[in-house]
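Visitor: Hi, could we go through some side chains together? I'd like to start with the aromatic ones.
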Amino acid sequence: MNYQIGDTVFNDWEIVRYIGRGASGVVYEIQKKEQGILHTSALKVLQIPSNEFVLDELIKDGMDERSVTDYIQSIVSELEDEVRIMVSLKGFPYIVNCEDSSLIKHPGIAQWDVLIKMELLTSFEEYRQGRDITEKDIHTMALHLTRALKLFEQQKIIHRDIKPENIFVNEYGIYKIGDFGIARVYENNSGTLSVKGTEYYMAPEVFFHQDYDHTVDIYSLGLVLYKA
């Protein structure tokens, strides 16, 4: 399904601006007015699989229609689990808040749209454009994001994809981690198997498919801070 400016999602939220396309889908700004107050959020749209050619390839590999449907459904279920993790951590100051989600199946084919409504933030990549990142900025980022990693460790969550594209900043200068495993699930199961861009921040244990624990996120964050 195609989404464009003027469309309504989540019953009464209107798409007002295209923000961009990332590793894990397309992002828009959405708004709604309630009792005279204008509310804004970000909408992330993921299509699983990313295109119908993936379905054709699965059939060419010997899977029947039922098996393809079950396989794609398992990917969608894994993605839903990742979203539930994000929702369960809503309110923690150094994690992107996930506010709502919706699952829409395309008629007639094994393809789903996953819609995720989350707080509207500035990506770190955009935030640092035209700005000199100072030592104080790096210290603040490290303080905020290590607190997020501490929560992940307590909740037995391993992010596995800490990189600049998954770091955001709000209007008060608070740094937050987003996406969790969403990008990983999306890339590994939608026909876009490349991890270009991610591998630069990936711990060796993850890259070489060895056993690992929460320390791989510390490694990746260290590289982010060094390169910032």
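Visitor: Is phenylalanine 92 exposed, partly exposed or buried?
Guide: Phenylalanine 92 is partly exposed, because its relative accessible area is 22%. Buried means under 20% relative accessible area, exposed over 50%, and partly exposed in between (1.4 Å probe, protein chains only). Keep in mind that this is a predicted model, where local features need pLDDT of at least 70, side-chain atom pairs count only at pLDDT 80 or more, and totals for chains, interfaces and linings use all residues. Residues are numbered from 1 along each chain as its sequence is written, and side-chain values use heavy atoms, with hydrogens and water left out.

Visitor: How many aromatic pairs turn up in the whole structure?
Guide: A search of the whole structure gives five aromatic pairs. One of them joins phenylalanine 92 and tyrosine 94, edge-to-face, at 5.8 Å centre to centre with 80° between the planes. Rings of Phe, Tyr and Trp (its six-membered ring) pair if their centres lie within 6.5 Å; planes under 30 degrees apart are stacked, over 60 edge-to-face, and the rest tilted.

Visitor: And tyrosine 94, buried or exposed?
Guide: Tyrosine 94 is buried, since its relative accessible area is 13%.

Visitor: Why is the pair of tyrosine 127 and tyrosine 175 called edge-to-face?
Guide: Because the planes of tyrosine 127 and tyrosine 175 are at 85°, with the ring centres 6.2 Å apart. This pair links distant parts of the chain, 48 residues apart: tyrosine 127 is in helix α3 (residues 124–127) and tyrosine 175 in strand β9 (residues 175–177). Helices (H or I, at least four residues) and strands (E, at least two) are DSSP runs, numbered from the N terminus.

Visitor: Which helix holds arginine 66 and aspartate 70?
Guide: Both lie in helix α2 (residues 65–88), four residues apart, about one turn of the helix. Arginine 66 and aspartate 70 form a salt bridge with closest N and O atoms 3.5 Å apart. Arginine 66 counts as exposed because its relative accessibility is 58%.

Note on methods. A salt bridge is a side-chain nitrogen of Lys or Arg within 4 Å of a carboxyl oxygen of Asp or Glu.
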